[in-house]
Amino acid sequence: MTLSHDVAGSGPAVVLLHSTVCDRRMWDPQVPALVGAGYQVVRCDFRGFGASPMPDRPYNNAEDVLALLDTLGIERAALIASSGGGRVALELAARWPERTGALALLCTALVGHEPSAELEAFGDREDALIESGDIAGATDLNVDAWVGPEADAEVRELVRRMQRNAFDVQLAAEEEFGQVRVETDPATIKAPALLVSGDHDFADFRSIAVHLTGRLANARHVELSWAGHLPNLERPDEVNALLVGFLRETHPVG
């Protein structure tokens, strides 16, 4: 199966990998800015999100993204990823370093991270709401947890729609197939990396950014005092400038 995706612009390729609270629509504010800066922009929905159906067999997100790049004839790309999408980007960069030009990770998750008590409590509350059949409540819980104070009502509603769609698609599946995870070592990644964290996010994600900045060969960490978990939606113009500046240094046009 080819992941549902869209492509815009021309130039060096940039692939956008969404948070698991969202789908590829979360990048709506970034696509025009990146295309305008001279890049070909690819964004996709992971299986069970957006317009990509649930898998009918065990699967691996990084392999799915690699297969999409092969289908599109893209040899090398910069990866911009949010939260759970960051796990996919890190695996892709570690397993196929020749395909990865640069990494920009916004509030990234990390395989093997032990969640804080606060994050674990959130997960327990989400599970309880889903098990009780209160999908609307679970959706609202996610919006309140992940959307920072700078977001307006329109952004909150977009995240609500994306999260509710993911719940609906995933809970309707007759059978659930797990993702096959491949253990990788971030220290093997040589691509230049930008790690972004937000002060209004769960503390876990700042800790992950600090940890990865120390492990990756060529990385820097930017802390955004105003940001929650989805800074690209909360202050898109500021994040667009940050991303374009990073790409011009590490994955230049021309």
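Predicted model: local features only at pLDDT ≥ 70, side-chain atom pairs only at ≥ 80, totals over all residues.
## Basis

Local features need pLDDT of at least 70 and side-chain atom pairs 80 or more, while totals for chains, interfaces and linings use all residues. Residues are numbered from 1 along each chain as its sequence is written, and side-chain values use heavy atoms, without hydrogens and water.

## Salt bridges around R43

The whole structure holds 18 salt bridges (a side-chain nitrogen of Lys or Arg within 4 Å of a carboxyl oxygen of Asp or Glu). One joins D6 to R43, with the closest N and O atoms 2.9 Å apart. D6 lies in strand β1 (residues 5–8) and R43 in strand β3 (residues 40–44), so the pair ties together parts 37 residues apart in sequence. Strands are DSSP runs of E, at least two residues; helices are runs of H or I, at least four.

R43 is buried at 13% relative accessibility, whereas D6 is partly exposed at 24%. Buried means under 20% relative accessible area, exposed over 50%, and partly exposed in between (1.4 Å probe, protein chains only).

R43 also meets D28, at 2.6 Å from N to O. D6, R24, D28, R43 and D45 form a salt-bridge network.

## The E150–R235 pair

E150 and R235 form a salt bridge at 3.1 Å, N to O. Both ends lie in loops, E150 between α5 (135–146) and α6 (153–171), R235 between α8 (231–234) and α9 (236–250).

## Negative patch

E114, E120, D124, D127 and E131 make up a negative surface patch (residues with over 30% relative accessible area and no salt bridge, like charges joined within 9 Å). E131 lies in helix α4 (residues 117–131) and is exposed at 70%.

Methods: Patch = residues over 30% accessible without salt bridge, like charges linked within 9 Å, V, L, I, M, F, W, Y side chains within 5 Å. Areas by Shrake-Rupley, 256 points an atom, 1.4 Å probe, with all protein chains shown as cover. Lys, Arg positive; Asp, Glu negative; His and termini not counted. Charge placed at Lys NZ, Arg CZ, Asp CG, Glu CD.
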